[in-house]
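Student: I have a two-chain model open and want to learn how to read it. Where do we begin?
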Amino acid sequence: MGRQAEADFLGWVTTSRAGLRKTAYLLCGDWFLADDLVQDALARLYGVGGRVSSSGDPGPYARKILMNLYLDHRRRPGRREVPVAYVPETLGVDQHNWVDGDRDRLMTALARVPKGQRAVLVLRYWDDLSIEQAAHALGTSASNVRSQASRGPDALRAAFEPEPDPSNSPEEAL
Amino acid sequence: MNETDVKGLLAAAVAHPAADRIDTDAVLRGGRRRRGVRVAATIGTSVAVVAVAGTLVIGGTRHADIIAGPTPSAGACRDITGTASGSLQDQAAVAAAAHSVMTTASGLPTNNLANVIAHPADLTVEVLWVGPVPMALTDLATSEASMGVTVEFTAATYTKTRMQAALQLASRVDAPADDPASQGLTIAGDGTCPDGSGIKIMIAQKANNEPATSVPPAFAAAIQSSVGQMPVWVEPGSAAITG
């Protein structure tokens, strides 16, 4: 990559990294891991510099690399989510007023959404990608993305709903 | 839960991002390493193909990087300085508005902010922005207007982050070893242009940090070539610049 291309690449990185970090964070729920994913994605993007300069906007390709890294990261043994004995307490959507501390609840809810559906939610509703653009980033079909996008909000709402409390269940008649 | 609800939830989740710890130098090193592996693999494949074909073709012409940075016109790096006058109340109001602008801009998917300049005497905040101003900022300007602070938007050429990236590249340039006029000189200070039009570099004597008597064209050209097309104003000086 020549100096001009490298300067252009660095310029693009500095203006786009904040957005990529947020996308990565919404996917993985961990700022440290998000930084690792973005840094690796940027290194890979730089490694294919020719493709960057020919396409003009490296954004779509960067996002595609990021998605692959995220999905690949989750597939690796030892990096999967660890099951815990107790699920953090959650509130129903109707009870929600967005103040400090609610972010944890949202990230917990997002973590309950299947990873593919979570990726579609983030790409469609955070990155504002079209169905086709999201499909390209995920390497899947537009119909699959359309289906996931339509079910995503319901999945998120369901993830927000509190766990059924056994103590509140009606007592069985003796 | 509809689309707007989901967007609101996601925006709330990333409203206060943790400190950015991405290492740009590591990105470039990693990218070069990956590129080297790819080139090696390509060469290996090419050699195999050539062996089968019985023809040897070695490489092609390696084009030199074409660097044609524009010559900055005199005075184009416009100094815009905020005013310190105005009552304490006005200063606080303008400072709060400027802070809101920066916070809102940093929360956008793409932050095209070039600079924010406060003018308490006029109860005005000047926002230098690259490209179309996002609705989040125009909404903020409307909100601030209702509280008496005017937020004005001025077009800029380069974002702050883009200029800072260029500074990183330019600050690594050494005086050309083959240019006698550049010997004993070094970069002593740098900064972004307040109007978002490029960067400034100050050249000084390496021995005593006194401003250089003149700027050798070869040194200036080397600095300009390090950042590509962005205008660079190279001047004698020894002080760090803030912009």
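Tutor: We take confidence, then fold, then the interface, then the salt bridges.

Student: What should I know about the model before reading details?

Tutor: This is a predicted model. So look at confidence, since pLDDT is the predictor's confidence in each residue. The mean pLDDT of chain A is 74, and 68% of its residues reach 70 or more.

Student: Which elements of chain A have the lowest and the highest mean pLDDT?

Tutor: H3(A) has the lowest, at 56. Helix H7, residues 131-138 of chain A, has the highest, at 90. Look also at residues 77-100 of chain A, where pLDDT stays under 50. The model has 32 contacts beyond four places in sequence for that stretch.

Student: How many helices and strands are in chain A?

Tutor: Eight helices and zero strands. Read from the N terminus, the order is α-α-α-α-α-α-α-α.

Student: What share of chain A is buried?

Tutor: Buried residues are 46% of the 174 in chain A. Of the contacts in chain A with a separation of 6 or more, 66% join residues 24 or more positions apart.

Student: How many polar contacts and salt bridges cross between chain A and chain B?

Tutor: Six residue pairs are in polar contact, both residues at pLDDT 80 or more. The salt bridge count between the chains is three.

Student: What is the general idea behind a salt bridge?

Tutor: Side chains of opposite charge can pair when their charged atoms come close. The structure holds seven salt bridges over all chains.

Student: Which residue pairs with A:Asp127, and where do the two lie?

Tutor: A:Asp127 pairs with A:Arg63, with the closest N and O atoms 3.4 Å apart. A:Asp127 is in the loop between H6 and H7 of chain A, and A:Arg63 is in helix H4 of chain A. They are 64 residues apart, so the pair links distant parts of the chain.

Student: Are these two buried or exposed?

Tutor: Buried means under 20% relative accessible area. A:Asp127 counts as buried because its relative accessibility is 17%. A:Arg63 counts as buried at 18%.

Student: What does a pair within one helix look like?

Tutor: Take A:Arg157 and A:Asp154, whose closest N and O atoms are 3.7 Å apart. Both lie in helix H8 of chain A, three residues apart, about one turn of the helix. A:Arg157 is partly exposed at 30%, and A:Asp154 is partly exposed at 41%.

Student: Why does the bridge of B:Lys7 and A:Asp128 join two chains?

Tutor: B:Lys7 lies in helix H1 of chain B and A:Asp128 in the loop between H6 and H7 of chain A, so the pair joins two chains. The closest N and O atoms are 3.2 Å apart. B:Lys7 counts as partly exposed, at 29% relative accessibility.

Student: Which residues are linked in a network of salt bridges?

Tutor: A:Arg17, A:Arg21, A:Asp35 and B:Asp20. Within that group, the side chains of B:Asp20 and A:Arg17 meet at 2.8 Å, N to O.

Key:
Residues are numbered from 1 along each chain as its sequence is written. Chains are lettered from A and ligands numbered from 1 in the order in which they are written. Side-chain values use heavy atoms; hydrogens and water are left out. A salt bridge is a side-chain nitrogen of Lys or Arg within 4 Å of a carboxyl oxygen of Asp or Glu. A polar contact is a pair of N or O atoms within 3.5 Å; within protein, one must be able to donate a hydrogen and the other to accept it, and residues adjacent in sequence count only if both atoms are side-chain atoms. pLDDT is the predictor's confidence in each residue, from 0 to 100. Helices (H or I, at least four residues) and strands (E, at least two) are DSSP runs, numbered from the N terminus. Contact means heavy atoms within 4.5 Å. Buried means under 20% relative accessible area, exposed over 50%, partly exposed in between (1.4 Å probe, protein chains only).
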